[in-house]
Amino acid sequence: MKEILTAELKPGMVVAAPVKTKRGQELIPAGTALTKQQISRLEFYDINSAMIDEASLLTEDEIRAALQAAAAQKLSGKPIPSEPAPEVIPEPTAAPAEPKKREVAYSQKVKQSSAFQEYSLKSTFSTEVLREELEGYVHQDKPMNYDRLLDAVKSLITPGQTIIQYFDMLHNMRSISDSVYSHSLNVAMISRILGKWLHWSSSELDALVLAGLLHDIGKITIPEEILNKEGKLTDEEFQIIRSHPKAGYDRIKDLKIDSRIKKAALQHHERSDGSGYPMGVDEIMIDDFALIIAIADVYDAMTAARKYRAPLCPFQVIREFERDGYQKYKTEYLLTFLRRIATTYQNNRVILSNGEAAKIILLNQNALSSPLVQLNDGSCIDLATSSLYIQSIV
């Protein structure tokens, strides 16, 4: 077996040893062929790597060559090694894909709207403002213009725009190569939305926005050849990336800004159950800003595209949070976030994991990711008691 970093895992790889959380809870049993959802779950739990059966890492040509060599050896009459030839691992059965015509049509409808065109231009400009301010501060010792940073975020807020419209814009702006700056901009906006849902004051919202914009400033100190490396990271490189919360805090700790902004940079990867990093502290020691940034950070990461999977839809992300997110994140904040996100999509059309179209007609408050849906023939399915799940929103 071979240890593979989570970022390098691919569907079909077979787990050679049980994957467990830092507290010993088994997430994936040995012998499991990984799916996209399971790899996303490892990300969710901050699992750095997994032990993989090396046979499942072989290409079809390598497997065929090994089998041919074994056959030739048998015909030659020579003893055959006791180790068996690599077993061909079947690909896991994938859920039916969403009909491409429906998906493309919806995406194109959003992207062709005048509202999206306007948002795209503003978002590109705001991302550039953030890049200029942060790189100027980190690399050139220029003072940050906090008013300019806040204005860059506020320019994306359009009067009368619904939450659904905002998330439609955000999801369709995504690409696999999303930068630290576009991610930080998204985290700032999502955090602001959650802060409003929690009825925070306007001054607190402004400070929270700055916390979102600066939470990943430590990544700017990481060499681009490591941060944007396409191949497998070495253990040393992986530890360098994990050092960014402390590096970010060290960069801004002496600034005359709200101390909660500094703590968010340091603690946004800490978790309420003590399973996070860099210090492994529990909720009582984590600042409220960091607790909110953590939720926004994970939501944005999971709804973004990755090299090994397409973006997860909001209900898939809600399902990941529900599995034991209430242990890892502050319950009040997470429950507010998930309820409002789910409510946002009440009455929306969706595609189920079996490819069928349906409409959300009633949310299940005890399982927000599994509402009651109505199919096109008028029949209803309670997803809370079904193996089906929402695969995408249309």
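This is a short tour of the structure, stop by stop.

The model is predicted, so local features need pLDDT of at least 70, side-chain atom pairs count only at pLDDT 80 or more, and totals for chains, interfaces and linings use all residues. Residues are numbered from 1 along each chain as its sequence is written, and side-chain values use heavy atoms, with hydrogens and water left out.

**Stop 1: aromatic pairs**

A search of the whole structure finds seven aromatic pairs. Rings of Phe, Tyr and Trp (its six-membered ring) pair if their centres lie within 6.5 Å; planes under 30 degrees apart count as stacked, over 60 as edge-to-face and the rest as tilted.

Select tyrosine 119 and tyrosine 166. They form an edge-to-face pair, 6.1 Å centre to centre, with 75 degrees between the planes. Tyrosine 119 lies in helix α4 (residues 114–140) and tyrosine 166 in helix α6 (residues 163–172), so the pair ties together parts that are 47 residues apart in sequence. Helices (H or I, at least four residues) and strands (E, at least two) are DSSP runs, numbered from the N terminus. Are tyrosine 119 and tyrosine 166 buried or exposed? Both are buried. Buried means under 20% relative accessible area, exposed over 50%, partly exposed in between (1.4 Å probe, protein chains only).

Next, select tryptophan 200 and phenylalanine 289. This pair is stacked, at 5.6 Å centre to centre and 25 degrees between the planes. Tryptophan 200 sits in the loop between α7 (180–197) and α8 (202–214), and phenylalanine 289 in helix α13 (residues 288–302), 89 residues apart. Tryptophan 200 is buried at 16% relative accessible area. Phenylalanine 289 is buried too, at 0%.

Now pick Trp197, Tyr299 and Phe337. Ring pairs link them into a cluster.

**Stop 2: charges over rings**

Select arginine 242 and tyrosine 277. The arginine lies over the face of the ring, 3.9 Å from its centre. Then try arginine 319, which lies over the face of tyrosine 389 at 4.1 Å from the ring centre. A charge sits over a ring if NZ of Lys or CZ of Arg is within 6 Å of the ring centre and within 35 degrees of the ring normal.

**Stop 3: the sheet**

In what order do the five strands of the open sheet come? The order is β8-β7-β6-β5-β9, with antiparallel pairing. β8 (380–382) and β9 (390–393) stand at the edges, each with a single partner strand, so one side of each has no neighbour in the sheet. Two strands pair if DSSP finds at least two bridges between them.

Zoom in on β5 (residues 349–352) and β6 (residues 357–362). They pair in the antiparallel sense over three bridges. Arginine 349 has lysine 359 in β6 as its bridge partner.

**Stop 4: alanine 342**

Select alanine 342, in helix α15 (residues 331–344). Alanine 342 is buried, with a relative accessible area of 0%. Which residues does alanine 342 touch, not counting residues up to four places away in sequence? They are Phe315, Ile318, Leu363 and Leu368. Contact means heavy atoms within 4.5 Å.

**Stop 5: two crossing helices**

Finish with α5 and α8. Tyr146, Leu149, Leu150, Val153 and Lys154 in α5 meet Asp206, Val209, Leu210 and Leu213 in α8.
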